[in-house]
2 protein chains.
Amino acid sequence: MTMIKYPGGTIPAAKKTRTKAKLTIAAGNRGMDFENEINDTNAYYLERDIAVISKRPTPINIVKVDYTHGPKITQAYFEAQSTTDYNGIYKGRYLDFEAKSTHSKTSFPLSNIAPQQVRHLRNVIRHGGIAFFLIQIVAEEKVYLLDAEYICDFYENKPRKSIPFSVIKEKGHLVPFAYRPRHDYLAVVDEVFLKNEQ
Amino acid sequence: MTMIKYPGGTIPAAKKTRTKAKLTIAAGNRGMDFENEINDTNAYYLERDIAVISKRPTPINIVKVDYTHGPKITQAYFEAQSTTDYNGIYKGRYLDFEAKSTHSKTSFPLSNIAPQQVRHLRNVIRHGGIAFFLIQIVAEEKVYLLDAEYICDFYENKPRKSIPFSVIKEKGHLVPFAYRPRHDYLAVVDEVFLKNEQ
């Protein structure tokens, strides 16, 4: 999920022209968007010394910098993330995931996922890492964790252009929502990936 | 190491005003700067399916975006990386490192390292990751790998404001330089961190 933050910024204005660029708007009444909620969850994990997981900054292609009063970027463009948005370490294991939010009422469009993200997650799996997607269904106020292997298979075989929510619910795992941590996805990671190790 | 690239860019101009912001200039006759060499090394590791290691993009604080002709950033500022520049997975292990280049002739100034990087590397070590520094001594055209634990101890105890090259050579491990991979630091990781696992 690529989120762009402006101090006092205008996400809706941005959305008009950047619908294809994966911009997501605030998740309804919760008052905090999905990315911020995940960042907050990761901050919680770090504070409690549970895991060290961080968001990769959005890559920016810088064209012009003005050095008159210290470096100020005056022309730059957003670039697509060549990997995923989050990675880190949990219980000694490398962990890598992509978070996506959808406003659809029926299915998750595969166009939200870039081919290089699928390649990256395949690489991570092959090297022994834990890889998954967190998919937020905004209309239902629910977040599901899906094994990246399943999503990559679906993406490559493309039986459909989008994954129906029924499939996400069947193949995925509901991530508990609470005050803090907001989305306790590591509880699900324990269950899905580390059950035999504990 | 934070490196800023501009298409047809002017690193020396930048250096004038950004000396404290960790800008590094091209490494002499090699024609390629240290960051590019490490990125190239990581590309090699990925192609050969040896490891999946990537650079975190430089964080940028975006203030103004013009959407007239698609999103164009018109005002933004560089932010300090809150973690390190590189991380990834190698032989199933989480790996995290910071690369620094110094033009000094005698010692590596600790002012090149930010306190949050030391905290981050301490966290990584505690959670079972492999953490280190790659330090390039430009004047000698040599790169050394140093265990992050050693650098963090030195940083926190600060017996001196800089680490003498003699200490880097004694405590560190010379990274072989070749055409490709340019800096085969994983060969050193095998030796230093994974010897007992093989």
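## A tour of strands and a helix

Start with the four strands that form an open, antiparallel sheet in the order β2(A)-β3(A)-β3(B)-β2(B). Strands here are DSSP runs of E with at least two residues, helices are runs of H or I with at least four, and both are numbered from the N terminus; two strands pair if DSSP finds at least two bridges between them. Select β2 (60–66) in chain A and in chain B: these stand at the edges with a single partner strand each, so one side of each has no neighbour in the sheet.

A word on the model: it is predicted, with local features needing pLDDT of at least 70 and side-chain atom pairs counting only at pLDDT 80 or more, while totals for chains, interfaces and linings use all residues. Residues are numbered from 1 along each chain as its sequence is written, and chains are lettered from A and ligands numbered from 1 in the order in which they are written.

Next, select β3 (residues 72–78) in both chains, where two bridges join the antiparallel strands. Look for A:I73, which stands opposite B:A76.

Move on to β1 (residues 51–55) of chain B. Five of its five residues are buried, so the strand is largely enclosed by the rest of the structure (buried: 20 or more other C-beta atoms within 10 Å of its own, placed from the backbone; exposed: 12 or fewer; partly exposed: in between). β1(B) pairs with β4 (residues 86–90) of chain B, antiparallel, over five bridges; there B:I53 has B:G88 as its bridge partner.

Finish at helix α3(B), where B:Q117, B:V118, B:H120, B:L121 and B:V124 are buried. On the face turned away from them, find exposed B:P115 and B:R126.
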